[in-house]
Every structure is written in structure tokens, then in C-alpha cells.
Amino acid sequence: MSSPRLLFCTATLLFSLTTLTAEKPFDFASTPGKLPKTVVPEEYAIRIAPDLGKFTFAGSETIKLNVRQPVRELVLNAAEIEIASASLDGKAVPQSAIKLDAKEETLTIALASELPAGSHSLELKFTGKINRQGQGLYYAPYQEQGTGAKKIMLGSQFEATDARRFFPCWDEPSFRARFQLTVVVPENFTAVSNMPVEKETKVAGGKEIKFAVTPPMSSYLNVLCAGELERLSARLKNVDHGVVTTKDKVAMGRYALDSSQQILTYLNDYFGVPYPLPKLDHIAVPGGFGGAMENWGGITYYESRLLFDAERSSAETKQNIYEVIAHETAHMWFGDLVTMAWWDNLWLNEGFASWMGTKCTAKFNPDWEVWLSKNVPRDPARRHGIGKEAAMEGDARSTTHPIQQPIANEAEASSAFDDITYRKGMSFITMLESFLGEEVFRDGIRQYMATHKLSNTTTADLWNSLSKASGKPVGEIAAAWTEQPGFPVVKVTRDATGKITLTQERFTVHFPKAPPLEWKIPLTYSISGEAAPVSLLMTSKTVDLPAIPAGRAVKLNVAGAGNYRVQYDEGSWRLLLAELPKLSSADRVNLLSDAWALVQADRAPLSLYLDLVEKLPTKDELAEREQVMHVFDFINRLLAGEPRREQFQEYARSILRPSFEQIGWEPKRGEPTKIALLRGSLINALGALNDKELVTGCRERFEKYLSDPRSLAPDLRPRVFAVVGRYTDEATWKKLHELGKKTTSIEEKQNYYDALACALDPKLAARTLEISLGDELPTSRAIYLVAKVARQSEHPDVAWNFAKMNMKKLLAKADALTVNSYAPGLFTFFSDAARISELERYAKSDLPPTAAKGVEKAIDEVGFRVEFKPRLGAEIANWISEGAKKP
Ligand SMILES: [Zn+2]
């Protein structure tokens with residue numbers, strides 16, 4: 001699954017190397033979970049008839065059971081489902097024997113006599129709800145392309161634990177079974193599921209569609225979408241590729257369809273086991289949920305993550321689409337064909353899909369520099385799967401957790417979908433692949449797929465396959481990275497003779513007295529003047545490097561591929577600064593990221609970072625500039641309302657303006673994509689830094705756009721609108737709002753509403769907030785508007801007061817992944833201590849215990865800002881006054 005928002009989890013701090021216990025390979029009987037493992041479903045035949053007037057559905061199912069040992073009751077999952085009748089082996093079960101437990105989300109059927117081991121058949125008739133939010137079966141209202149008519153589409157979202165809202169089932173990932181779905185829909189509807197349609201029959205009030213039976217899979221991978229849909233398709237070898245959209249949008253699926261074929265061909269070869277289903281659909285859903293979900297054979301996407309409009313979409317959208325398709329398609333193997341046994345191993349799915357998706361994207365689109373861009377934090381709302389830096393920032397805090405974390409119950413399962421699972425997981429795999437070698441690593445993955453297909457695994461199974469392929473003790477190296485929280489910093493000291501000593505310790509930010517930890521670090525370093533980098537496995541606290549000639553610079557963590565920080569002593573740092581022009585851009589980005597992290601950790605003054613920025617040899621390297629813009633943006637927001645802010649803005653503009661002047665306003669024919677991306681980012685950054693000339697330029701271009709939309713390149717539109725929106729007056733606010741209401745393009749709509757969320761005028765910010773309660777935006781986007789206002793308008797107080805007043809209505813629009821983190825997330829934009837106690841009070845009185853992790857994370861973030869703000873303010877003043885003294 002990919003999600004635009006992330007939740008954060010608490011730390012388990014008591015780990016140390018000595019307590020790491022080897023995890024066991026997959027074993028069904030000892031896999032965690034609530035349901036007894038004595039009864040196993042083998043095949044479900046499910047029939048669902050939705051009532052689109054009442055937003056309910058009637059269902060029936062027959063489940064073939066394998067009873068492994070005699071039982072007196074059947075226990076399965078059901079939530080918000082009512083059971084009309086049940087029968088076992090054709091005999092009716094009395095209503096008194098049927099018990100639904102709403103809290104446990106279980107359905108228990110007590111049996112009159114002991115059910116002997118062997119095959120049995122359970123039949124259930126039931127009713128359920130069609131939700132407004134993306135949980136279980138849901139409906140997404142939308143305006144039809146062209147006509148603007150109001151329509152609805154049905155969609156489903158079951159990961160992690162919501163298949164049980166659609167039909168009673170053994171809803172834990174290790175209970176694999178075959179599923180055959182039948183659905184009754186209106187005559188003018190098309191329905192899509194995991195498998196192709198097997199049979200279609202006319203029935204009263206519409207038609208009945210029966211899909212082919214799936215291979216054995218986990219319940220959360222089922223899918224049903226239905227509506228007035230169109231399908232663009234192409235056949236490649238044995239697989240029918242499709243892109244499914246609402247009416248008249250299908251042409252925008254061309255890019256996705258072409259990408260899908262390229263990606264599937266690559267993955268078929270990489271995994272060595274061909275994609276096993278007869279078709280693969282990519283389904284665009286105009287609301288309901290905001291991300292993408294890897295339902296086997298029927299992947300769902302929030303519409304703007306799949307559809308590319310050559311006239312209106314930006315280069316960034318194009319990249320995001322490719323990356324999301326690659327990520328989700330990788331899940332067809334990693335997640336679907338082979339599934340993690342339990343949610344504690346979610347990283348196996350997500351870390352791997354993030355890595356594989358990036359690898360595949362990089363291979364076919366080298367000019368996008370996707371690996372490099374992973375090393376720069378970006379606004380997560382705008383970019384899927386951003387990388388390592390965001391994970392490392394979270395992983396340095398007290399609120400982090402190991403990649404593999406205990407998930408005691410299903411309520412915690414959704415908290416596993418966070419930065420650590422996705423991005424640290426990806427980052428560790430990247431490091432491991434470079435340590436084992438690309439081909440050896442791939443051989444191990446092929447072996448893993450062949451051994452475990454159509455089954456479940458734990459992380460230990462992956463390490464076993466990689467160990468066999470490489471002959472290296474992968475599990476031993478990996479343990480500290482996946483079973484401990486945090487990561488190391490490697491300190492470099494060089495004595496008078498030139499001898500270099502490396503020492504590792506845990507790297508933390510705003511986390512005094514963190515338990516010390518150690519890692520086995522796959523290290524790389526390069527020596528100036530020598531071509532080949534050197535690799536070594538650092539297995540102890542301290543290690544000496546072989547002698548290096550005096551005066552030669554040493555750069556650790558080549559291209560930033562490793563998941564650790566490096567802290568150089570002064571002499572080593574000076575040598576590196578002198579080498580800057582000769583280093584690769586990836587290495588310079590790595591130095592910038594580490595320098596900024598050292599400042600955050602209070603291990604170095606801000607001058608270390610700013611000195612490096614001023615010495616960068618070029619002004620138009622995308623990843624380097626984006627790293628700098630990210631830091632300047634953080635400082636600029638932190639200093640909102642502070643007397644030193646204006647001085648900082650002037651300084652930051654002086655660094656970034658020359659880059660913008662060098663590349664100019666107008667896109668040039670045939671220029672590299674990265675320059676187009678850099679232009680957009682610079683407009684954004686300079687706009688936020690109150691660059692008067694740039695703001696005027698944006699206003700002029702917006703005016704021209706109103707009369708001639710073609711005058712403004714699609715790449716620049718979201719950026720120009722955002723700057724216009726930031727400094728908007730009431731009349732322009734209304735204009736942006738009108739444009740947003742009018743368009744039926746989800747991407748364009750988002751651009752306008754994002755611009756509204758930027759308004760600095762608190763009265764206009766308040767009006768933007770009101771929109772989140774209405775029906776103008778899909779639910780998942782509507783509730784985000786509040787977080788966007790909190791961040792962009794620089795009035796987190798206005799946003800929070802609004803959210804507090806309307807929390808019930810807002811949460812009614814949230815999906816399962818968002819509910820727990822929504823309220824605490826809004827606090828992370830504050831930087832005053834009083835907000836910590838306010839959140840603590842609010843959590844006590846208004847939030848469920850499941851929100852605790854989100855609350856802890858938000859409190860840590862506010863605490864960090866409270867500490868960092870005065871320190872940063874003083875150091876900025878120093879740096880600027882020192883600079884003024886320079887000749
Ligand atoms: Zn995923």
C-alpha cells in the first residue's frame with residue numbers, strides 16, 4: 001500500500017545487540033493472531049448485492065473449511081456486519097448460537113456437538129454498510145468528466161483489517177484461501193475484481209457478474225470496484241493489462257498502461273517467477289482513499305496517482321505515477337504471491353516494494369535521478385515514496401521503533417504503516433544489495449520467490465535465501481538493523497601521522513540518555529585521487545583504516561547509499577571541502593544531509609552546514625538545491641513570528657536567487673526533466689521566502705493564465721498558484737476557489753485547493769478550512785486541507801481551533817490509517833511548550849488509547865522545535881553578522 005500520510009510509533013528501547021533473538025522461519029501454527037488455527041478456510045464463494053440508495057449491501061457466502069482438529073465453535077472475523085442466518089454442512093444454526101463481538105471484531109458460532117476433523121461447509125447470509133470513507137466497501141462521489149454530472153463509484157479498501165466489513169472471513173494474512181466473488185450491479189455499471197469476469201447474467205434491477213476464482217491469497221487482497229467505468233487494455237504475452245477509469249477519462253490512462261507493460265516485463269525477469277494471474281488492472285478511483293493499494297490483479301489508485309493528462313499534468317505527476325505503479329506492481333510478488341505472515345513483518349512487503357519500485361523506475365528513467373532524490377526529504381504530500389532522509393530524521397528520535405516491531409493486535413496493525421517500515425526498510429535493502437552485489441542479491445530473491453510462492457514468510461525466510469545465494473551470514477548482519485531502533489553515526493578521526501580511526505555510536509536527535517547500541521555496518525569509502533571505492537564490514541565499536549597518504553581526503557558512505565551518518569574531525573572536513581568540486585553530486589548531497597543532521601543533533605553549529613552550502617561548486621544540481629531548500633524551508637517556518645526571520649529570509653534568498661536567475665522562468669525546449677523540477681521547486685522556495693520580484697512574476701503569470709491557460713506550462717502551475725494563494729486577497733481567493741470547483745480534473749482541482757490552503761491572511765485561511773467539511777473534495781483530500789492550512793498558512797493555531805471544534809465531522813471522513821494520527825499530527829506545526837501540555841490534556845479527554853503513539857510522536861516533535869528554535873536563531877544571527885564583516 002502507499003499512503004500520502006504516515007503514522008508514527010513509539011520506541012521499544014530495551015534492545016541491545018545481546019538481546020537480539022533470531023526470528024523463526026514461517027510456521028502457520030505459531031504465527032501471531034487472534035483466530036484459532038484449528039479451522040482453516042480453503043475457498044469462499046461470496047455474493048454481494050449493493051443497495052446504492054441506502055448505502056448498504058446484502059451478502060451471502062459459502063466457505064469450504066478444513067477442520068484440522070475437532071472443535072466446539074467456529075471463530076472468524078466480522079465487523080459492522082449483521083448475520084441473517086448461518087448453516088453448517090446444510091444444517092441451520094440457531095440464532096442463539098451466533099455471537100458477534102463488536103470490540104474484538106469476531107463472529108463466533110457455537111456448535112451443538114463437536115465438529116469432527118475434515119472438510120465442512122459454512123453458509124452465511126448477512127448485511128453490511130457501504131462507507132463514505134475508504135474502509136471496507138465504500139462509495140466515492142465525483143463529477144463526471146465533460147458533463148459535470150454528479151455520480152458515484154464503488155470501491156473497496158481492505159488492508160489491513162477491513163475485509164471483515166465486506167464479508168465474514170478469517171481476516172489474518174496467514175489464512176490464505178481461494179475467493180470467488182459475485183456481485184449484482186446496475187445495468188450501466190462495469191465491475192472489476194481480482195480476476196476476469198467468468199459469467200455475466202441479467203437479473204432483476206441489473207446484472208450479476210461472477211468473477212473467476214483467485215489463487216490462494218490473504219483476505220486483505222480482495223477488491224471490488226464498480227461504476228460507470230471504461231477500460232483501456234493491451235495484451236502482453238499471457239497477461240491482459242488494463243487501466244480502468246470513470247467515463248471519458250480513459251485516454252489519460254495511456255501512460256499508465258504503457259508503463260505497466262514495461263514494469264511487468266522487468267519484474268517477471270527479476271523475480272524469475274512469472275506474474276501468475278491472467279490479467280492486471282490498474283483502477284483509478286476518484287476519492288475514498290488517497291493512496292494506492294496492491295489488491296492482487298486489481299490495484300486501486302487515487303485518480304491523480306494513475307492518470308496522466310498531457311495537457312495539464314506536470315513532470316512531477318508523471319514520475320509519481322510511474323513510481324507508484326512500479327511499487328504496487330512489485331507487490332504482486334512481494335506481498336501477494338508471497339505474503340508476510342503477520343503485521344510485525346509488514347516491512348517485508350513495504351520496504352521491499354519501495355526499493356524494487358525505485359530500482360525499476362531508475363532503470364527505465366535514468367534522467368529522473370530517482371535514487372538521488374530519495375536522499376532529499378520533500379513535501380510528502382507531493383511525492384510518493386520519498387526516501388531515506390525522512391526515515392532517518394524519525395529514526396533518530398526517542399519515538400522510533402525497530403523495522404520489525406511487535407504488533408500485539410490488529411488495532412496496532414495500521415500503526416505499522418509508517419516511515420520506518422517503508423523508508424528505513426528500503427534504505428536497509430539498498431545497503432544490503434550493494435554489500436552482497438546486485439546479481440547475488442537477485443539470485444537470492446529468485447530463490448525466495450520460488451521457495452515461498454503462494455505461501456507466507458517471515459524476515460528469517462528472506463535472510464535464509466539471501467545467505468544461501470551469497471554464502472554470507474545475512475541474518476547476523478541484518479539483525480541489528482531490523483530488530484533494533486535507530487542507526488549509527490561513524491566518527492572519523494585522523495591523527496598527525498594520517499592514521500584514520502572510525503568509531504561508531506548511536507545517532508540521536510532530541511533524545512538524551514538514549515540506550516547505546518551497536519551495528520554491523522557495511523561501510524564504503526573513497527580516497528581522493530583513487531577511482532575505486534573500498535568496502536568493509538565494520539563489526540566492532542572502533543576500527544582503523546589502512547594507511548592513507550597525508551593530504552588525501554576520505555569520503556565515507558559513497559553516494560550516500562548507507563543508512564548511517566558520518567561525523568568528520570576538523571582536519572578531515574577541511575580536506576573534503578577542498579575536494580567538493582571533484583565529488584559526485586550524490587556525495588555532496590550526502591555531506592549536506594549529514595551536516596544538517598549534526599546541527600539538529602547539536603553535534604555541530606549551523607555554520608558547519610551554511611559554510612558547506614556557500615562552497616557548493618554549482619547552482620543547478622537538483623538534489624543539492626532541494627536539500628538546501630528543504631533546510632531553508634524548515635528554518636523559515638520555525639522562525640515565523642520571530643524578529644530574526646526577515647534577516648534569515650534575505651540571506652536565504654541571496655543563496656537561492658542566483659540559481660533561479662541561471663535557469664530562468666521559461667521552460668526551454670529539450671531541457672532535462674531535472675531542470676524543470678528545479679525551476680518549480682525554486683519558485684516554491686523563493687515564494688515562501690517572500691521574494692518580491694518572484695511574487696510579482698507569479699501574479700502576472702496567473703493573470704495571463706486566466707485568459708489563456710496554455711500560457712503557463714503544466715509543470716509551473718501548482719507552484720505559481722501556491723505563491724499567488726499565499727499572498728492572496730479575497731478577490732483572488734474567490735477566483736482560485738471558483739476554478740477549483742469548476743474543474744473535473746482531480747489533479748487540477750488539487751492544485752487550486754492547495755493554493756487556497758497557503759493563504760497567509762487568517763480570515764482567508766479560516767474560509768479554506770470550512771471547505772474541509774463540505775463535499776467539494778474527496779473525503780481523503782478534504783481532511784488534509786486542515787493539515788495543509790496548519791503548515792502553509794503559518795497559522796497552526798487557526799487550523800487546530802477549527803479541527804477541535806469539528807473533530808467528529810472530520811474523523812468521519814478519515815480512513816483506518818488516518819484516524820489515530822490525525823489530531824496529534826496537527827500539533828507538529830507548533831513550536832511552543834504550552835502546546836505539549838495542551839495535547840496531553842486533549843489526548844486524555846478526547847483520544848482513544850490507540851492514538852497514543854501518534855501523540856507521543858507529536859509531543860517529541862514540538863519538544864524538539866522548542867529546543868531548536870532559540871539555538872538556531874542565535875546561530876543564524878551570528879553567521880549573518882560574520883558574513884557581513886567579510887570583505
Ligand atoms: Zn506498498
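In what order do the three strands of the open sheet that includes β25 run? Select them and you will find β26-β25-β28, with antiparallel pairing. At the edges stand β26 (534-538) and β28 (554-556); each has a single partner strand, so one side of each lacks a neighbour in the sheet. From one strand to the next, the twist averages 30 degrees.

Stay here and highlight residues 521-527, which make up strand β25. Three bridges pair β25 with β28 in the antiparallel sense.

**A word on confidence**

Keep in mind that this is a predicted model. Colour it by pLDDT: the mean for the protein is 92, and 96% of its residues reach 70 or more. Residues 3-19 are a stretch to view with care, as pLDDT is below 50 there, although the model gives this stretch 62 contacts beyond near neighbours in sequence. Now jump to residues 379-385, where pLDDT stays under 50. For that segment the model has 25 contacts beyond four places in sequence.

Next, select β27, β24, β23 and β29. These four strands form an open sheet in the order β27-β24-β23-β29, and the pairing is mixed. Its edge strands are β27 (542-544) and β29 (565-568), each of which pairs on one side only. Ignoring direction, neighbouring strands of this sheet are turned by 20 degrees against each other on average.

Zoom in on strand β24, residues 500-506, which is joined to β27 by three bridges. The two strands run antiparallel. Show side chains for Leu502 and you will see that Leu502 stands opposite Val543 in β27.

**Aromatic stops**

How many aromatic pairs does a search of the whole structure find? The total is 43. Start with Phe271 and Phe352: their ring centres are 6.3 Å apart and their planes meet at 40 degrees, so this pair is tilted. Phe271 belongs to helix α1 (residues 254-271) and Phe352 to helix α3 (residues 346-364), so-called distant parts of the chain that are 81 residues apart. Is Phe271 buried or exposed? Phe271 is buried, at a relative accessible area of 0%. Phe352 also counts as buried, with 0% relative accessibility.

For an edge-to-face example, select Phe702 and Phe721, whose ring centres lie 5.9 Å apart with planes at 75 degrees. Phe702 sits in helix α17 (residues 692-707) and Phe721 in helix α18 (residues 717-726), so the pair ties together parts 19 residues apart in sequence. Check the surface around each one: Phe702 is buried at a relative accessible area of 1%, and Phe721 is buried at 0%.

Ring pairs link a cluster here whose members are Tyr266, Tyr270, Phe271, Tyr275, Trp333, Phe334, Phe352, Trp355, Phe364, Phe441 and Tyr448.

**Charges over rings**

From that cluster, centre on Phe364. The charged end of Lys363 sits over the Phe364 ring, 5.9 Å from its centre. For the last stop, select Phe507 and Arg565. Arg565 lies over the face of Phe507, at 5.8 Å from the ring centre.

Key. Residues are numbered from 1 along each chain as its sequence is written. This is a predicted model: local features need pLDDT of at least 70, side-chain atom pairs count only at pLDDT 80 or more; totals for chains, interfaces and linings use all residues. Side-chain values use heavy atoms; hydrogens and water are left out. pLDDT is the predictor's confidence in each residue, from 0 to 100. Contact means heavy atoms within 4.5 Å. Two strands pair if DSSP finds at least two bridges between them. Axes are lines fitted to C-alpha atoms, for helices over the stretch in contact, and angles run from 0 to 180 degrees between N-to-C directions. Rings of Phe, Tyr and Trp (its six-membered ring) pair if their centres lie within 6.5 Å; planes under 30 degrees apart count as stacked, over 60 as edge-to-face and the rest as tilted. Buried means under 20% relative accessible area, exposed over 50%, partly exposed in between (1.4 Å probe, protein chains only). A charge sits over a ring if NZ of Lys or CZ of Arg is within 6 Å of the ring centre and within 35 degrees of the ring normal.
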